[in-house]
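Hi everyone, thanks for coming.

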Amino acid sequence: MTNDFNPFSLEGKTILVTGASSGIGQATAIACSRMGARMVITARDRQRLQTTCDELNPHAEGHLQQIAELTSQEDVERLISALPPLDGAVLCAGNSTTLPLQFGSREKFDEMFDVNFFAPVELLRLMYKKKRLNKGASVVLLASIGGTHSFMPGNGVYGASKAALNSVMRYAAREFASRRIRVNSICPGMVDTPLIHRGTITEEQLAEDAKKYPLGRYGQPADIANGAVYLLSDASSWLTGHDLVIDGGFSI
């Protein structure tokens, strides 16, 4: 007898993923499609977004892609207008920097908050206000342990933006519950994505830092994507306002 029970399935769901052209966003879009979801993916780079689209599960038909710069109000409103009714969203688009606080000028804070805080919060606000989220939908915000659980030198500007995002997540979870819309966040530790290989930190420093993780390595994008699948699925239907830490044990 075949047992088809799978509470983690995303069959029949339409899911939006931002920042889907690389890293965690790309891995999340691919994982959701493989779990049966119809995907709506967005990013700034058309060519890289197409690469993600080519990797999506072809058996979940009707995938859509939309080019958008999420710090542009015009682009955000155009994206909102193009969205079909959604059963879930994972807001992955973001940026990071390593910068001692003494060099964290107002300009640096503004740049980081525009991408990591104001852009996803405005998208979340409009998805709810314009009723693009179906009753029972699930929204996942990508935060970080750097803003909530671990305070390493040089992460003040980045961490502040993620802490603010995590705070809004809880308020949204409370306010959106009347429509049975769940809002949670994922707080990853260091994940091996192109963002960490930009030369701000040397490869030797990265290798040494990875040794601090009890499980002996940095995360992979798939580690975070699997957490997003859980939060989007019916398996987490009684979970809202929660920050899911996925960090290889670093925060302990």
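First, some housekeeping. This is a predicted model, in which local features need pLDDT of at least 70 and side-chain atom pairs count only at pLDDT 80 or more, while totals for chains, interfaces and linings use all residues. Residues are numbered from 1 along each chain as its sequence is written, and side-chain values use heavy atoms, with hydrogens and water left out.

Let's begin with helices H1 and H2. Helices here are DSSP runs of H or I with at least four residues, strands are E runs of at least two, and both are numbered from the N terminus. H1 covers residues 23–34 and H2 covers residues 46–55; they pack at an angle of about 25°, with axes 9 Å apart. The axes are lines fitted to C-alpha atoms over the stretch in contact, and angles run from 0 to 180 degrees between N-to-C directions.

Which residues make the contact? From H1 we have Gln26, Ala29, Ile30 and Arg34, and from H2 Thr51, Thr52 and Glu55. Contact means heavy atoms within 4.5 Å. By class, that is two nonpolar, three polar and two charged residues. Nonpolar covers Ala, Val, Leu, Ile, Met, Phe, Trp, Tyr, Cys and Pro; charged covers Asp, Glu, Lys and Arg; the others, Gly among them, are polar.

Next come H3 (residues 73–82) and H4 (residues 106–129), which pack at about 35° with their axes 10 Å apart. Here Gln73, Val76, Glu77, Leu79 and Ile80 of H3 meet Glu122, Leu123, Leu126 and Met127 of H4. That contact has six nonpolar, one polar and two charged residues.

Now the single residues. Leucine 142 sits in strand E5, residues 133–142. Is leucine 142 buried or exposed? Its relative accessibility is 6%, so leucine 142 counts as buried; the cut-offs are under 20% for buried, over 50% for exposed and partly exposed in between, with a 1.4 Å probe and protein chains only. Isoleucine 24 lies 118 residues away from leucine 142 in sequence, but their C-alpha atoms are 9.2 Å apart.

Finally, asparagine 166 is in helix H5, residues 156–176. Asparagine 166 counts as buried because its relative accessibility is 2%. Beyond four places in sequence, asparagine 166 touches Ala143, Thr148, Ser185, Cys187 and Asp243.
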